[in-house]
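Thanks for coming, everyone. I'd like to walk you through one model today, so please have the sequence and the structure open.

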Amino acid sequence: MDELRNKGGKKAVTVAIIANTFLTVFNIIVGMLSGSYALISEGGHTLSDITTTIIAYIGFKIGQKPADKEHPLGHGRAEAISGLIIMLFLTMVAYEIMSGAIEKLFNPSTITTPDIYAAVMAIFGIFINYIISEYIIRLGKQINSPAIVADGKHQKTDIFSSIAILIGVLVSNIGYPILDPIIGLIIGFLILKTAYGIGKENLDNIMGKIPSEKFVNEIRKIANESSDYANNAHNIKVDYLGSYAAVTLHIEIDGNMTLNESHKIVHIVQNNIIERIPDVKYVNVHACPKGLDYNHNQEIDK
């Protein structure tokens, strides 16, 4: 599984860097030649894509490191942390683009009407960004990498940016050149919106938010089916660490069982959950005497 994730991560970063390097060079060159501030802004955006892809891959690689003495549950949260760094970087890029657009709006004499080459580049950008973003997001989901998925979602905003640029060029050429910096402003807002989404998703991951109640029910179902002697799985807690989760839960076992017997049941439950749920890497099961009613929140059973 780790080897598959490594290969998937390398594919995603290689494809993203090659595609975005190509788009950056051509967006800036065509933007300068055609007089389109929006296209130059998009060139700055695609340049940021290269940086965020590298950040995502660094987080991915650190997250792949095995558990050690100082990190007994592994380094998985590095992926979510890299997602937050991407959020901060995108916020700065959005600020630069939006401030440049606002400056042009307050100084209309600096606005030029983009020529048709900017529209051709925008159409090309829509096509390339759709293919690349879909590929990266699909690959990120396959290898269960929050960092790669975040990078793919970031890449997807370029589709909307290119559509906005295309509309802006066409409208500018029929007598409304002021729309070009307005499109630049819209691109900045789109980047800011993406930054918010990525930040929220990765903060939820770090804070331990479970993906859905369905996930908890699946854990409960597997625990209860693991053995005829394991009953009423409860007090289930899921802690996500980037691409994988650590789970703790309680099960009820006949209080007259020996320690050896209950120990065996606990390990059967743990192994079944890990084997049947790919997202779960660590499981800790606590055995409760069947029928005993007590408060799970108290530190010591009374």
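This is a predicted model: local features need pLDDT of at least 70, side-chain atom pairs count only at pLDDT 80 or more; totals for chains, interfaces and linings use all residues.

Let's start with helix H8, where Ser262, Ile265, Val266, Val269, Gln270, Asn272 and Ile273 are buried. Buried here means under 20% relative accessible area, exposed means over 50%, and partly exposed is in between, with a 1.4 Å probe and protein chains only. Those residues cover an arc of only 165° around the axis, which puts them on the same side of H8. The arc is taken from the directions that run from the helix axis to the C-beta atoms.

Residues are numbered from 1 along each chain as its sequence is written, and side-chain values use heavy atoms, with hydrogens and water left out. Helices (H or I, at least four residues) and strands (E, at least two) are DSSP runs, numbered from the N terminus.

What do the buried residues of H8 pack against? They pack against H7, E2 and E3, where contact means heavy atoms within 4.5 Å. As for length, the 18 residues of H8 should span 26 Å at 1.5 Å a residue, and the end C-alpha atoms are 26 Å apart, which agrees. The expected span is 1.5 Å times one less than the number of residues in the helix.

Now to helix H7, residues 213-225. Its 13 residues should span 18 Å, and the end C-alpha atoms are 18 Å apart, so the two agree. The buried residues of H7 are Phe215, Val216, Ile219, Ile222 and Ala223. Looking down the axis of H7, you see them within an arc of 125°, so they line one face of the helix. Their packing partners are strand E1 (231-241), strand E2 (244-253), helix H8 (259-276) and strand E3 (280-289).

That brings us to the strands. Nine of the ten residues of E2 are buried, so this strand is largely enclosed by the rest of the structure. How many bridges join E1 to E2? There are seven, and the two strands run antiparallel; strands count as paired if DSSP finds at least two bridges between them. Tyr240, for instance, stands opposite Ala245 in E2. E2 also pairs with E3, in the parallel sense, over nine bridges. Thr248 has Asn284 as its bridge partner in E3. Between E2 and E3 the chain crosses through H8, and this β-α-β crossover is right-handed. Right-handed means that, with the strands pointing away from the viewer, the path from the first strand over the helix to the second runs clockwise.

Let's stay with Ala245 for a moment. This residue of strand E2 is buried, with a relative accessible area of 0%. Not counting residues up to four places away in sequence, Ala245 touches Val238, Asp239, Tyr240, Asp279, Val280, Lys281 and Tyr282.

Most residues other than glycine have a negative phi. Asn232, in strand E1, has a positive phi of about 50° although it is not a glycine. Asn235, also placed in E1, has a positive phi near 50°.

Finally, let's zoom out. The chain is divided into domain 1 (1-206) and domain 2 (211-287), with bounds from an automatic or database domain assignment. Their C-alpha centres lie 40 Å apart, and 14 residues of domain 1 are in contact with nine residues of domain 2.

Two stops at the other end of the chain numbering. Thr24 sits in helix H1, residues 2-34, and counts as buried at 7% relative accessibility. Leaving aside neighbours within four places in sequence, Thr24 is in contact with Gly43, Thr46, Leu47 and Ile50. Tyr196, in helix H6 (residues 179-206), counts as exposed at 60% relative accessibility.
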